[in-house]
Amino acid sequence: MTKQPDKITALYCRLSRDDEQDGLSGSIKNQQAILEKYAQENGFKNTRVFIDDGWSGTNFARPAFTEIMELAEKGLISTLIVKDHSRLGRNRLIVGQLLEEGFDNLGVRYIAIMDNIDTAKGISQIVPMQDLFNEWHAQNTSQKVRNVFKSKGMSGAPLTTNPPFGYLKDPEDKNHLLVDTEAAEVIRRIFQMAADGAKTWEIAAALNGEGVSSPKNYKVEAGCTRTPWRSIREENFWTGNLVAKFLRDERYIGKTVYGKRSRDIVGSTHTVKISRNDWVIVPDRHEAIVPEALFEKAQTCMREYREYEAASGSGNPLKRKVICGVCGHAMQRDNKKNGSYRCVTKRLNTGFDCSEKKVPEADILEAVIDTIQVYAQYAVSIDRLLQTRQEQ
């Protein structure tokens, strides 16, 4: 008979940037030392350290925490130990649900060392109050951080970690940008082509055809070690949307812009657009790459494109969700009443062999509805099974 492996004792460390500034949780190294010492002194076996460094406690999509929960659902976690209760999270509803139902259903014992919490001994009535204070702390800290960034933005300091394509950070002053001569030439060319009447996809196709490095590839070639990029594909090239993004960027005429988007929920990565009237725009903060007259001429030529883009994407639930199976890019919808989708990557980059055949939107919606109905039936069936099991 095969011996079952010992279940894992998960030692969980979390440190957000805000906690680090306030000195509340101690370093990851300090948390790990405390957890390992506690586990050793109390006879916990098969320990494994899980670390979420730089993650807010209000976000429960943290990589290490997600891994713990996935292992727990497989029955592989016996105990979860944290230094203090706020390391688990700062959302009282989710944390409360985990303590009252989640961990118990998964057979996981939860221990918060500094707060003397141990689900094996029962939950004190004080714990919900702790969860509430932890949530208040996250909201308060978030507001403080926003105020600091707003103050910096109003002073004209660049707030992005990575400077926009065409600029470099001044090694002598991190709040000042210098022109990157080689990349700036590409930016000037983009604006000139737009001002001459070229469409964004035509500009992108020309740059790809000549082998001009995309911003991501340019930075990698220059030695940038940044790992999280928005593009998850290895092939990175110029697109019409990327060109349009540069053409709208007022930083290329020497301005800094703050407050274009804002997070709508504390700890969430989701952002919402902010009205231009509420943006903070500070002129003459750094050397302009594009003359203002050329910038305005390009904007005039872009207006028709923007109006078309807004009309074709308005109220469309499938926007940027219909993906080409060859190149992995979003397919484009035409601006017709009974629209259809087709991949336009081939006209941007001839290195791809995507089909340009149109797919009717009605066919896609029908397939989506059928799939939703199937999954809904699965969900109902599983729910009934769980209900029967609980009754038994």
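In what order do the three strands of the antiparallel open sheet lie? They run β12-β13-β14. Keep in mind as you explore that this is a predicted model.

**The three-stranded sheet**

- β12 (332–333) and β14 (359–360) are the edge strands, and each of them pairs on one side only.
- Strand β13, which covers residues 340–342, pairs with β14 in the antiparallel sense, and two bridges link them.
- To see this pairing for yourself, find Tyr341 and look across to β14, where its bridge partner is Val359.

**The five-stranded sheet**

- Another open sheet has five strands, in the order β2-β1-β3-β4-β5, and its pairing is mixed.
- Its edge strands are β2 (47–53) and β5 (117–118), each with pairing on one side only.
- Helix α2 (residues 28–41) packs on this sheet and touches β1 (8–15), β2, β3 (77–82) and β4.
- The direction of helix α2 makes about 155° with that of β1.
- Strand β4 (residues 109–112) pairs with β5 in the antiparallel sense over two bridges.
- Ala112 has its bridge partner in β5, and that partner is Ile117.

**A look at Asp52**

- Asp52 belongs to strand β2.
- Is Asp52 buried or exposed? Its relative accessible area is 1%, and buried means under 20%, so Asp52 counts as buried.
- Not counting residues up to four places away in sequence, Asp52 touches several others, including Tyr12, Cys13, Arg14 and Leu15.
- Also among its contacts are Ile28, Arg62, Pro63, Ala64 and Phe65.

**A nonpolar patch on the surface**

- Which residues form a nonpolar patch on the surface? They are Val374, Tyr375, Tyr378, Ile382 and Leu386, and together they have about 520 Å² of accessible area.
- Tyr375, one of the patch residues, lies in helix α12, which spans residues 361–391.
- The relative accessible area of Tyr375 is 56%, and exposed means over 50%, so Tyr375 counts as exposed.

Methods: Residues numbered from 1 in each chain as written. Predicted model: local features only at pLDDT ≥ 70, side-chain atom pairs only at ≥ 80, totals over all residues. Heavy atoms only, no water. Patch = residues over 30% accessible without salt bridge, like charges linked within 9 Å, V, L, I, M, F, W, Y side chains within 5 Å. Areas by Shrake-Rupley, 256 points an atom, 1.4 Å probe, with all protein chains shown as cover. Salt bridge = Lys/Arg side-chain N within 4 Å of Asp/Glu carboxyl O. Helix = DSSP H or I, 4+ residues; strand = E, 2+ residues; numbered from the N terminus. Buried < 20%, exposed > 50% of the residue type's maximum accessible area, 1.4 Å probe, protein only. Pairing = 2+ DSSP bridges. Contact = heavy atoms within 4.5 Å. Axes fitted to C-alpha atoms, helices over the stretch in contact; angles between N-to-C directions.
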